Structures are given as C-alpha cells and as structure tokens.
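Take a look at the model below. Keep it in view while you read.

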Amino acid sequence: MLNRWSQTDAQGLSDLEMLAYQSRLVGADPALVVWGGGNTSLKVSRRDFRGHEVRAMLIKGSGSDMKAAQQKDFPAVRLEDLLPLFERGEMSDEEMVAYMERCLLDPGSPRPSIETLLHAFLPQASVVHSHADAILSLTNTSNPTGMVRAALGGDIVVTPYLRPGFLLSKRVAQAALSRPKAKGVVLLNHGLVTWGADPKASYDTHIELVRKAEEFIQQRAVGKLPFGGVKVEPLSREERRRVAATVTPGLRSALSAAGESRTLLRFVEDDQVLRFTGSKEGREVAKAGAATPDHLLNTKRVPLWVEVEEPSHEAELRDALEQDAERYRQEYTQWFREHAVPGLGMRDPSPRIITVPGLGLWVGGRDARAIEAASDIYHHTIAIMAGAQSVDVYSSLTMKDAFEAEYWPLELYKLTLLPPEAELARKVAFVTGAARGIGRAVALRLVQAGAHVALADLDAEGAKDAAAQVCNEAGAGRCIALPLDVASPEQVAAAFQETVLAFGGVDILVSNAGIAPSGTLDQLSLAQWQKSLDVNATGHLLVGQEAVRIMREQGLGGSLVFIATKNVLAPGRGFGAYSAAKAAEAQLARVFALENGAYGIRSNIVNPDAVFHDSGLWSQELREERARAHGVPVEALEDFYRQRNLLQAFVTPRDVAEAVLWLAGDRSAKTTGCIITVDGGVPEAFPRE
Ligand code: ZN
C-alpha cells in the first residue's frame with residue numbers, strides 16, 4: 001500500500017481542494033475502494049446564505065466515485081443541525097436522508113453520503129473511510145477482533161457488524177469517543193475509519209493501518225498455497241474460449257427467465273480467476289458469501305459454482321449449467337421466503353457470478369457497467385478471501401444480515417428512481433460493415449437505443465475508430481470492434497465467438513457489409529462476378545447462419561435485418577454482378593424468415609438507395625462510372641439521384657438507421673419477411689409481386 005501524498009501537489013490548496021485531492025488519492029487505489037465505495041469529509045467554517053459564519057462539514061456525495069473526485073462532489077452540511085441527532089435512539093434511512101437534505105448549506109447540492117452521520121459524530125476535523133481489502137481479510141474471519149488486534153495493535157476500536165445507517169454511525173462514534181487515543185475504528189465486515197486534524201493526517205494513518213494489515217497477511221501467507229493449491233488445471237486459452245462460447249447462449253437462456261429479465265454475460269478468464277476457480281478450497285470458501293454489503297449488492301451473496309468431470313465436454317457442461325442455474329434460483333427463492341416480510345417483492349433470483357473450474361467465470365448483469373462493477377468487485381472478493389484464508393478461515397455476514405443488505409429499503413428505493421430501460425436494453429446487436437456509412441450510423445442508433453453492439457468490418461482499424469466514437473457518444477463499454485471478412489466462414493465464426501464472450505449472445509443481426517462492383521455484363525470478368533457473390537450473397541448467408549444458431553440456443557427470439565438495395569427490385573444497367581448478388585441476399589432473408597418464425601426469429605430487409613454520406617460503397621471510381629451511365633457530370637451525381645425520387649430527398653445513413661432500429665426492436669414484433677424502402681420513393685422499386 002503506497003502513501004501517495006505529495007507535499008508539492010497539496011501545497012496552497014484550499015480546504016475543499018485539499019479534500020478532493022485526498023479523496024482522489026484514496027480512490028486511486030482499488031485495494032482501498034471500488035465503484036463509488038468509501039467516503040471522506042472535512043469540518044470547516046462557512047458563511048451561510050445570510051452571511052453568518054457556521055460550522056459545516058464537507059462530505060462526499062452519495063455514489064460519487066473517489067478516484068475522479070471534484071470539488072462539486074462534496075456538499076456542505078450544517079453541523080449544528082446534524083449533531084443533535086446523536087441524542088436520538090434510532091432513525092430510519094428514509095427519515096435520515098430527508099433530514100440531511102435540509103441540512104445542506106446549498107439547496108440542490110448532491111445528496112450527502114449515507115454515512116454522513118458517522119463522519120459528523122466524530123469530533124476530529126478530517127475523516128477517511130474505506131472498504132480496504134486487507135482490512136476485510138482480517139474482519140471476515142472466525143476471530144475478527146483477535147486478528148485486528150494482532151495485525152494493527154491495541155489502539156484500534158473494533159465495532160460489530162451493522163448495516164450502514166443511523167445506528168452504525170452512532171455506535172462508531174460512541175466507541176471512538178470512549179477511546180480518545182485510538183487511531184481508528186475497524187467496522188467488522190465493512191471497513192476502516194481513520195481521522196486527523198487535517199486531510200494529510202487522516203490519510204497517513206489510514207495508509208499506515210492498511211499497510212500493517214497487508215504485511216500481517218503477507219507474513220502469514222508464507223509457505224501456504226493460495227486456497228489450498230490446484231485441484232483443476234485450466235484448459236488452454238483457445239479451448240477455454242471455444243468451450244465457453246459454445247455453452248454461453250444456453251447459459252443465457254437459463255438465466256433469462258421468460259425473456260423478461262434477459263441478462264448480458266461476460267466471460268472472464270484471467271490468472272487470478274483461474275487460480276481461484278481451479279483451487280481445492282475455492283468452492284467451500286466462496287460459500288461463505290460476499291465480503292461486505294455493498295459488494296453483495298453487485299455480485300449477489302454467493303456465486304453459482306458448477307463442477308463437471310471434464311469441462312471440455314460441452315454437452316455435459318451445458319446440462320450442468322442449466323440444472324445448477326435452476327437449483328441456484330430455487331435456493332435463492334427459499335432464502336427470500338425465509339427472511340422476507342409480507343409484501344416485499346423478490347429481486348431477480350439468478351446468479352451474477354457463474355464459475356466453472358478449469359474454464360473461468362461469467363459475470364452477468366443488465367448492462368456493461370453493471371458487469372464491469374460486479375467483475376471488479378468479485379476480483380477484490382477473491383483477494384479478500386485469499387487474505388482471510390492466509391490468516392485464518394474466511395467467513396462473512398450471516399444469512400439474515402446478507403438478506404437485510406440485499407433488501408436494504410434505501411437500495412430498493414434507489415431502484416425505483418432509475419429511468420425506464422431503453423428500447424434495446426439488455427440486447428446485443430452484431431453489425432457488419434460498421435466502420436463507415438450505413439453500418440456505423442446503425443451501430444450508433446442501436447447503442448443510443450440501449451443496445452450493446454459488436455461493430456465488425458473488413459477495415460479493422462476503421463471498426464475500432466467507429467466503436468470508440470460510438471461508445472464515447474452513446475454509452476461507455478457498450479461496443480466492441482471486430483475484424484471481419486464476411487466471406488470467410490472462419491472469420492465469421494471467430495467474430496461471433498468474440499461477441500458471445502463479450503456480451504453473452506446475439507439478439508439482433510444487421511447484415512450490411514457489401515461491395516459494389518460495376519461494369520456491363522459483356523465486360524464482366526468471372527472474378528468480379530464471383531467476388532460480388534462471395535460478399536453480397538454468401539457473406540449474408542454466413543452471418544445469418546451463425547446469428548440464427550446462437551439465437552435458437554438462447555431461445556429468446558431475435559431479429560435479422562438485411563441491408564439490401566433498391567436494385568433488388570429495380571436493377572441498374574452496368575450493375576449486374578451487384579444487383580444479382582443482392583437479389584440473392586433478399587431471397588436469403590425471406591427464407592430465413594420462413595425457416596425461423598417458429599423460433600420467434602424475424603428476418604426483414606431494408607432497401608436504401610443512393611446513400612452517399614461517409615460511404616465505403618460509393619468509391620470515386622463508382623461515382624464516375626455511374627455518372628457516365630446516367631449522362632451527368634460526376635459532381636451532379638448526388639443531386640441526380642435526389643431528383644429522381646418522389647420526395648426529392650437526399651437519403652442519409654441516419655434515415656436507414658431509423659428503419660433498422662424499428663425492425664430490430666419489439667415495435668415490429670409482428671413483422672417478418674418484409675421489405676422497407678428508404679429511397680425517397682423510387683416508383684420502379686416499389687415492393688410488389
Ligand atoms: Zn462504508
């Protein structure tokens with residue numbers, strides 16, 4: 001544990017700047033806090049709105065992230081209003097939250113942390129609170145007080161586990177006040193609080209104590225194998241990924257009850273995970289449960305642990321995953337029934353962490369952010385468990401305390417404040433030809449509508465750029481970029497495998513990649529003809545087959561959208577290789593519709609025309625050729641196409657993306673085998689039999 005304080009950086013900072021600086025230092029170390037955990041405060045004087053000087057406390061806002069702490073993240077609360085609460089016997093979370101809102105010096109500031117009173121009741125000016133891994137390794141054992149004393153010495157106060165809230169704040173303050181010389185308080189199954197006259201002092205003590213805990217654990221770990229050593233050797237990386245991708249759609253099906261709470265999944269297989277899941281003791285240790293209440297909210301109390309004789313046997317593994325997922329849900333339901341008060345609704349009973357020794361683990365969640373949080377936190381849980389096993393035996397919250405943490409009314413209330421889910425939330429789309437033009441606009445539109453999207457393109461760098469920009473604009477973590485030649489069966493299989501490992505499956509395919517060879521038939525070489533068939537027909541077959549295979553295994557329906565062309569219905573002179581191959585694409589799309597209706601998988605076609613913007617299809621060469629064919633100057637070509645449609649409209653990628661969005665989502669749930677034109681109205685290309 002590194003002390004990151006820099007006298008140079010801290011010099012000349014105002015009190016608020018200093019607090020933000022201290023918080024960023026704490027946040028910089030994920031072994032101290034992750035994902036909005038922990039908090040810091042500083043007691044200061046301020047002038048209120050009438051110009052009167054008052055004692056105030058600057059405290060981290062609820063849920064804000066320490067590593068990126070800014071001055072605005074620290075609302076000021078009036079201490080004079082908070083301190084009388086110390087005399088109270090109890091106070092509900094709701095009452096406390098409402099009360100604290102009235103103590104804000106500046107109405108409209110962020111909501112103060114739920115642990116505000118803990119900071120306020122302590123007399124010292126500066127207070128730091130973290131959920132440090134090493135401290136949890138000491139407290140989550142069979143003899144927590146003994147471990148804390150042995151590691152940190154006698155001048156530490158230890159308080160028993162209580163859910164965060166009024167009572168915990170009061171108990172911590174009482175304990176600290178009764179031991180004025182103590183350096184800090186260790187909260188069992190929760191974390192560490194330290195204090196000082198200024199931010200540097202409280203930070204230094206914090207780091208010193210965590211460092212002591214780490215050293216104690218390291219000394220005790222000498223000569224011990226983590227989690228008792230290896231039980232199952234991992235499969236090779238290639239094998240792990242192949243097996244995982246094969247069974248993931250079935251797992252997603254098992255976890256997505258009735259299609260309502262469909263989940264996303266990410267496969268994780270780093271060394272830490274492989275060592276833990278393949279160890280002798282991992283399974284028993286993990287049963288004890290999550291390390292702290294805030295971890296539990298992200299990862300659930302325990303993982304689903306699935307063991308099979310031979311993890312490389314996919315059929316056996318698939319069955320085991322399905323059966324064990326069902327068992328997990330039943331046990332969760334049982335646990336809920338044992339502890340729930342009448343009227344309380346049960347949360348999703350599916351696991352968030354699913355481990356298979358020798359293979360790795362999956363992290364499930366509603367979106368990439370939830371998955372990232374659960375994944376990070378579970379990695380820390382593994383580290384905490386390893387530490388606890390080094391010094392003693394890992395233990396955690398009782399079943400009752402764990403239940404009260406997961407069904408903490410304040411957390412349930414927060415869930416009711418979430419905005420309704422977006423149209424394509426919890427859905428995964430695979431878009432080909434996504435580096436530019438229509439494909440890129442489609443990817444952006446789908447991400448804006450809540451989807452997670454794989455952007456595939458022959459131009460791998462272009463796909464990366466597009467994915468980065470789409471993510472940046474519409475949703476961090478919700479895109480991946482893949483190199484893909486749609487005419488290569490191997491590359492298609494590999495790209496879908498990556499998508500399944502990253503997001504858990506595929507719900508939407510937008511088959512858009514294409515090329516536009518031109519030239520009259522008498523001039524056409526066989527190679528040009530074949531190339532057009534490979535990309536514009538076979539390419540759509542290959543991605544369609546792969547998408548349908550995954551969708552059928554998921555059992556959650558699906559939507560295929562084929563980007564064809566006005567030429568399917570009204571071919572152009574000099575465009576034979578293109579028009580014929582695209583007609584094959586359209587016919588394929590309809591046969592996909594015929595063959596997959598019974599699985600709830602729809603297949604539809606969008607026919608755009610003359611979409612020039614950012615197009616990879618409309619090369620300069622093609623523009624010149626088409627201009628010649630139509631007898632117009634090349635610079636007038638776009639306008640020529642505009643003039644020839646009924647609406648005299650320029651058709652943009654965005655226009656095509658809107659049609660794709662409608663076909664991709666449930667608003668078109670009753671539509672399959674259909675063509676939508678996005679061409680400004682070209683009469684000879686009206687769909688008709
Ligand atoms: Zn805490």
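## Ground rules

The model is predicted: local features need pLDDT of at least 70, side-chain atom pairs count only at pLDDT 80 or more, and totals for chains, interfaces and linings use all residues. Residues are numbered from 1 along each chain as its sequence is written, and side-chain values use heavy atoms, leaving out hydrogens and water.

## Three domains

The protein splits into domain 1 (7–220), domain 2 (237–416) and domain 3 (428–616 + 651–685). These bounds come from an automatic or database domain assignment. The centres of domain 2 and domain 3, taken over C-alpha atoms, are 35 Å apart. In their contact (heavy atoms within 4.5 Å), domain 2 supplies 21 residues and domain 3 supplies 19 residues.

About 1500 Å² is buried between domain 2 and domain 3, and carbon and sulfur atoms give 55% of it. Buried area is the accessible area (1.4 Å probe) that two parts lose on being put together, summed over both. Arg-241, Pro-249 and Arg-252 supply 33% of the area that domain 2 buries against domain 3, more than any other three residues.

Four salt bridges link domain 2 and domain 3. A salt bridge needs a side-chain nitrogen of Lys or Arg within 4 Å of a carboxyl oxygen of Asp or Glu. Arg-241 forms a salt bridge with Glu-498, with the closest N and O atoms 3.0 Å apart. On the side of domain 2 that touches domain 3, helix H10 (237–255) and strand S8 (264–268) are the elements that give two or more residues. H10 gives the most, with 10 residues. Helices (H or I, at least four residues) and strands (E, at least two) are DSSP runs, numbered from the N terminus.

## A four-stranded sheet

Four strands form an open, mixed sheet in the order S8-S11-S10-S9. Two strands pair if DSSP finds at least two bridges between them. S8 and strand S9 (304–305) are at the edges with a single partner strand each, so one side of each has no neighbour in the sheet.

Strand S10 (residues 353–356) and strand S11 (residues 360–365) pair in the antiparallel sense over four bridges. Ile-353 has Val-363 in S11 as its bridge partner.

## Salt bridges elsewhere

The whole structure holds 46 salt bridges. One of them joins the side chains of Asp-48 and Arg-78 (3.8 Å, N to O). Asp-48 lies in the loop between strand S1 (39–47) and strand S2 (53–59), and Arg-78 in strand S3 (residues 76–78), so the pair ties together parts 30 residues apart in sequence.
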